[in-house]
Amino acid sequence: MTYQYWNPKMETLPRPDLEAWQLRQLKNMVTYALRTPFYKKRLTEAGIKSEDAIKSLKDLNRIPFTTKHDLRDGFPYGFLSIPREEVIRLHASSGTTGTPTTIYFNKEDISRWTGFVARCIYGTGCDKTDVFQNMITYGLFTGGLGFHAGGEEVGMLVIPSGAGNTTRQFRLMQDFGTTVVHATPSFLLHVEAKMREEGVSRESIKLRKAFAGAEPYSEDTRRRIEELLHIDVYNSYGLSEMNGPGVAFECPNKNGLHIWEDGYIAEIVNPDTLEPVPEGETGELVLTILCREATPILRYRTRDLSAFYPEPCSCGRTHRRLHRITGRTDDMLIINGVNLFPSQIEEVIMSIKEVGNNYLIVIEKEGVLDRITVKTEVGPTIFMDDARPLNALKERIRKTLQASITINPRVELHESGSLPISEGKAKRVQDNRSQDI
Ligand code: AMP
Ligand code: ZN
């Protein structure tokens, strides 16, 4: 395997130097934070009146956590640390779990962010010979402009195609010889299914890589996309509170996502006690941004569940790796008392090869019990008018789900392309229970 580094010095910085850098940056962030109405109060109450209170990285513990709720309370300017005239851009979270939150950038913040995204892209082997189609929402969502700028920084030809409009996406790929795309994993699966439906041959496009992120997906889904499209898929993790894309990304080893520790301090805590979990165990990811002056956010509880890989990566980067996000502390479903993440269902159904590319989990109350229905599309080899194999497949899906995650769902099979798809993050769960209470 060959590895290329966009910023060789920073990506391979020895750990003691990386930690010294983090301490310097953390102090700087505390200085900026103390200029915001929110942190002035919060940090002063915690006895942190200046950056001098932070003497080592251990002092991070003295800083209180920040939650999504705090960010909403601070809307619109409670987290702004610089004069309004110095701000050149704002972005807002897509509001997967409620009203949006706003993040501001000054000129240097944008350039640092772009550097991190470029680092992710270049690290997968891309360079200026590539044609990059950014098939994700532009606008307030950070994925569009974030990847756009990173792609340009690497020198690729960037096609700002945005999300949706699948037929036009193939056309662009064919016309301009697209070699790399960025999309949500669900949109990639949709594109592949549509290609088959419209008879677009794999040979007519030059695609070889995809960056897939913005929503959780399983290793099986990655493999499925890779096999169907004959491409390499790299997991891309980010969140608008921490700039957006460019927080953590896979290197060519595709075994965990390097979190850029010169831009972020990552902690993994038990979401109930907020104490660090032993290294390697799963918990809630807590992030402190080190690279954004205009909106410093300290010890942000992401609600994303992950774990550190304790061993160093053979690619030579010294930045630790995170396990792919397995879910969020707040998308956990409780089905008749059993805790369940949608990703667990996905993992099971995507490992069944006759299952198609799209699915939906519907939860309803039936009497006092919760009833879960898994609706999946069928793959192209299954004919909808032949009942016997359909029933056999249904039964197999049900039994596999029951054996591996102890739920006993109703299974519905739908024709390929018939379940709703969304242009942004896929909505995989429809929970109708609250209406019944
Ligand atoms: P947003 O702030 O709208 O960009 O949403 C960020 C959230 O999307 C994160 O906190 C995660 O829950 C989710 N997300 C983003 N990238 C990934 C990924 N690669 N895997 C799993 N979840 C992701
Ligand atoms: Zn690596």
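This is a predicted model: local features need pLDDT of at least 70, side-chain atom pairs count only at pLDDT 80 or more; totals for chains, interfaces and linings use all residues.

- Distant parts of the chain are linked here: Cys-251 lies in the loop between β8 (244-250) and β9 (257-259), whereas Cys-315, 64 residues apart from it, lies in the loop between β13 (308-309) and β14 (321-322).
- For four tetrahedral donors, the ideal angle at a metal is 109.5 degrees.

**Packing of α5 with α6**

- Helix α5 (residues 107-123) and helix α6 (residues 142-154) cross at roughly 70°, and their axes come within 8 Å; this angle makes α5 roughly perpendicular to α6.
- From α5, the contact draws on Trp-113, Thr-114, Val-117, Ala-118, Ile-121 and Tyr-122. The α6 side includes Phe-147, Glu-153, Val-154 and the glycines Gly-146, Gly-150 and Gly-151.
- The residues of this α5 and α6 contact comprise 8 nonpolar, 5 polar and 1 charged.

**Packing of α7 with α8**

- Between α7 and helix α8 (residues 185-197) the packing angle is about 80°, with the axes 10 Å apart; α7 is therefore roughly perpendicular to α8.
- Thr-166, Gln-169, Phe-170 and Met-173 of α7 are in contact with Phe-187, His-190, Val-191, Lys-194 and Met-195 of α8.
- Sorted by class, the contact of α7 with α8 contains 5 nonpolar, 3 polar and 1 charged residues.

**Packing of α10 with α11**

- The axes of helix α10 (residues 342-350) and helix α11 (residues 387-405) are 10 Å apart, and the two helices pack at about 130°; α10 is therefore oblique to α11.
- The crossing of α10 past α11 is right-handed.
- Gln-344, Ile-345, Val-348 and Ile-349 are the α10 residues that meet α11, where their partners are Ile-397, Thr-400, Leu-401, Ser-404 and Ile-405.
- The contact of α10 with α11 has 6 nonpolar and 3 polar residues, and no charged ones.

**Backbone features**

- Most residues other than glycine have a negative phi, and most peptide bonds are trans.
- Asn-165, which is not a glycine, has a positive phi of about 50°. Asn-165 is located in the loop between β4 (157-159) and α7 (166-176).
- A cis peptide bond joins Phe-75 to Pro-76, with omega near 0°. Pro-76 belongs to the loop between α4 (68-73) and β1 (87-92).

Conventions. Residues are numbered from 1 along each chain as its sequence is written. Chains are lettered from A and ligands numbered from 1 in the order in which they are written. Side-chain values use heavy atoms; hydrogens and water are left out. Axes are lines fitted to C-alpha atoms, for helices over the stretch in contact, and angles run from 0 to 180 degrees between N-to-C directions. Helices (H or I, at least four residues) and strands (E, at least two) are DSSP runs, numbered from the N terminus. Angles under 35 degrees count as roughly parallel, over 145 as roughly antiparallel, 65 to 115 as roughly perpendicular and the rest as oblique. A crossing is left-handed if the near helix is turned anticlockwise from the far one by less than a right angle, and right-handed if clockwise. Contact means heavy atoms within 4.5 Å. Ala, Val, Leu, Ile, Met, Phe, Trp, Tyr, Cys and Pro count as nonpolar, Asp, Glu, Lys and Arg as charged, and the others, Gly among them, as polar.
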